[in-house]
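Welcome, and take a moment to look over the sequence and the model before reading on. The tour below goes step by step and names each place as it comes up.

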Amino acid sequence: MEKMVIKGGTPLRGEVPVSGAKNAALPAMCAALLTEDELTLHRVPALRDIRTTKQLLIQLGVQLDDLTPGTVRIRAREISDHTAPYELVKTMRASVLVLGPLMARAGIANVSLPGGCAIGARPIDQHLKGLEAMGAAIELRSGYVEARANRLKGTDFTFDLITVTGTENLIMAASLAKGTTVLRNCAMEPEVDGVIDLLNSMGAAIQRESYDTIVIEGKDSLHAAVHTVIADRIEAGTHLIAAAITRGDVLVTGCDTSHLVSLLEKLEEAGLNVEVGQDRVRVTSNGRIRSRDVETNPYPGFATDFQAQYMALVSLADSRCTITETVFENRFMHVQELVRMGADIRISGRSATVRGVQKLSGAQVQATDLRASACLILAGLAAEGVTEIHRVYHLDRGYERIEEKLVRLGADIRREKDELL
Ligand code: EPU
């Protein structure tokens, strides 16, 4: 195992380019199952979750070639297996994204149920309900979802709640169904639109009829395409918060700033100077941090994937705020670690009250999930003294070359072998 060792206190300064979005690249790779032709994806980040998805696709009989760093050619000429095994799904819940494509292309899928994880129970009942509405027969056996259908058929389906991968799975399934599918109460995250753009370039006919209603006209087959994965808005925002928390000055480039509106609003309210261009944002600190209440919500609300990082920031504010997590029921695992670094945070149900303190102190802390890891990195960058973050493998699931990028901004951060674990 490895740990991250950070000597805090240096204001970050400089320019940092954003990588492709993990949460857009994962469904894009799974979409390759929908055609026997070649799919070429650019801007695929080098991450652990991407490697896991490659492993899963290879197991299903898909051919994968890394053409250059960031460019992958995927060809599912034939699908020889239909199982997403427990061993892979338990390490990466997004493996469930093969369910819709497998059902659409092969009419059979055998996908391990993900089970709970560090941030909540995270059931997939909506994915299954939608597939059933499209005519799939679904059985749960020995921890696996066994789904079958001759050919999925178009339907009119309303999600009971907003789900990102659920929306993506059903869009992919409906793209090869017989007839038209209307999906209501869909997720509006930009990553969903990334999938829609990709599928349309593969010959699908998908459009958002209104913000949360998506209409898919099923096709008999899809074809080859070349697609560039959208920029990672969560990575972009994490670097901006790094500028804010270290009282620095950072320009983030290669992002789509329209995807960052709710975070940028909060940073402005926090007293940061925020300059927005089309594909770049610069955040400059004037020293003070003011906190505001935040409630996480599906897009375009304040993203749950920023909650932990924002909490690190406002733990150093000169005011008090309440952060309410409405998307996942258990996404406060980072709180105890921040408290170990001197933060004053109290949890009550789904809300955390954060009273800003003057300084955080370096400590040994443990990462529990991807965004919690990012939160601890941020806290470590701002803290006095040395912070050691254990179980840092969570970070490698979602942040490409993170320490390299931070070092270029002036951070004192290095990865070391972890003797403790
Ligand atoms: N939910 C259900 N039933 C379902 C599906 C979801 O009850 O069938 C619940 C979940 O338990 C959760 C809420 O609905 O409480 C929202 O879950 P959603 O399905 O939207 O989450 P997801 O699709 O599993 C994606 C991202 C997450 C991100 C969430 C919310 C991917 C691969 N993952 O997860 O990303 O937090 O949407 O925006 O796209 C991360 O990158 O760190 C990460 C966790």
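This is a predicted model: local features need pLDDT of at least 70, side-chain atom pairs count only at pLDDT 80 or more; totals for chains, interfaces and linings use all residues.

After α9 comes Gly271, with a positive phi near 100°.

Now turn to helix α5. Its buried residues are Gln126, His127, Leu128, Gly130 and Leu131. Among the elements covering the buried residues of α5 are α4 (99-106), β8 (137-141), β9 (144-148), β10 and α6. Just after α5, Gly135 has a positive phi of about 100°.

The protein chain is divided into domain 1 (2-19 + 231-417) and domain 2 (22-228). Taken over C-alpha atoms, the centres of domain 1 and domain 2 are separated by 30 Å. How many residues are in contact between domain 1 and domain 2? There are 26 residues of domain 1 in contact with 21 residues of domain 2.

The size of an interface is often given as the accessible area lost when the parts come together. Here, domain 1 and domain 2 bury about 1900 Å² between them, and 52% of that is on carbon and sulfur atoms. On the side of domain 1, Tyr299, Arg397 and Glu400 lose the most area to domain 2, together 32% of what that side buries.

Polar links also cross this interface. Between domain 1 and domain 2, seven residue pairs are in polar contact. The residues on the side of domain 1 that touches domain 2 divide into ten nonpolar, six polar and ten charged. Two salt bridges are found across the interface of domain 1 and domain 2. Elsewhere in the list of salt bridges is the pair of Arg397 and Asp49, with the closest N and O atoms 2.9 Å apart.

**Salt bridges**

Side chains of opposite charge can pair when their charged atoms come close. How many salt bridges does the model hold? The count comes to 28 salt bridges. A few of them are listed here.

| Salt bridge | N to O distance |
|---|---|
| Asp160 and Lys129 | 2.5 Å |
| Glu191 and Arg233 | 2.8 Å |
| Glu416 and Arg414 | 2.7 Å |
| Arg397 and Asp49 | 2.9 Å |

The salt bridge of Asp160 and Lys129 links distant parts of the chain: Asp160 is in the loop between β10 (156-158) and α6 (164-174), while Lys129 is in helix α5 (residues 125-133), 31 residues apart. Lys129 counts as partly exposed because its relative accessibility is 37%.

The side chains of Glu191 and Arg233 also meet in a salt bridge, and this pair too links distant parts of the chain, with Glu191 in helix α7 (residues 190-201) and Arg233 in helix α8 (residues 233-245), 42 residues apart. Are these two residues buried or exposed? Both Glu191 and Arg233 are buried.

As for Glu416 and Arg414, which form a salt bridge, Glu416 has 25% relative accessibility and so counts as partly exposed. Arg414, at 41% relative accessibility, is therefore partly exposed as well. Salt bridges can also join into a network, and Glu2, Asp396, Glu403 and Arg415 are linked in this way.

Lys22 is in helix α1 (residues 22-31). The relative accessible area of Lys22 is 8%, so this residue is buried. Which residues does Lys22 touch? Not counting residues up to four places away in sequence, Lys22 touches Pro45, Leu47, Asp49, Asp232, Leu370, Arg371, Arg397 and Gly398. Asp49 and Arg397, both in that list, are the partners of the salt bridge with a 2.9 Å distance.

Thr35 is found in the loop between α1 and β3 (38-42). Because the relative accessible area of Thr35 is 1%, this residue counts as buried. The Thr35 side chain reaches the backbone oxygen of Leu222 at 2.9 Å. Leaving aside neighbours within four places in sequence, Thr35 is in contact with Ala76, Arg105, Met202, Leu222, His223 and Ala224.

Technical notes: Residues are numbered from 1 along each chain as its sequence is written. Side-chain values use heavy atoms; hydrogens and water are left out. A salt bridge is a side-chain nitrogen of Lys or Arg within 4 Å of a carboxyl oxygen of Asp or Glu. Helices (H or I, at least four residues) and strands (E, at least two) are DSSP runs, numbered from the N terminus. Buried means under 20% relative accessible area, exposed over 50%, partly exposed in between (1.4 Å probe, protein chains only). Domain bounds come from an automatic or database domain assignment. Contact means heavy atoms within 4.5 Å. Buried area is the accessible area (1.4 Å probe) that two parts lose on being put together, summed over both. A polar contact is a pair of N or O atoms within 3.5 Å; within protein, one must be able to donate a hydrogen and the other to accept it, and residues adjacent in sequence count only if both atoms are side-chain atoms. Ala, Val, Leu, Ile, Met, Phe, Trp, Tyr, Cys and Pro count as nonpolar, Asp, Glu, Lys and Arg as charged, and the others, Gly among them, as polar.
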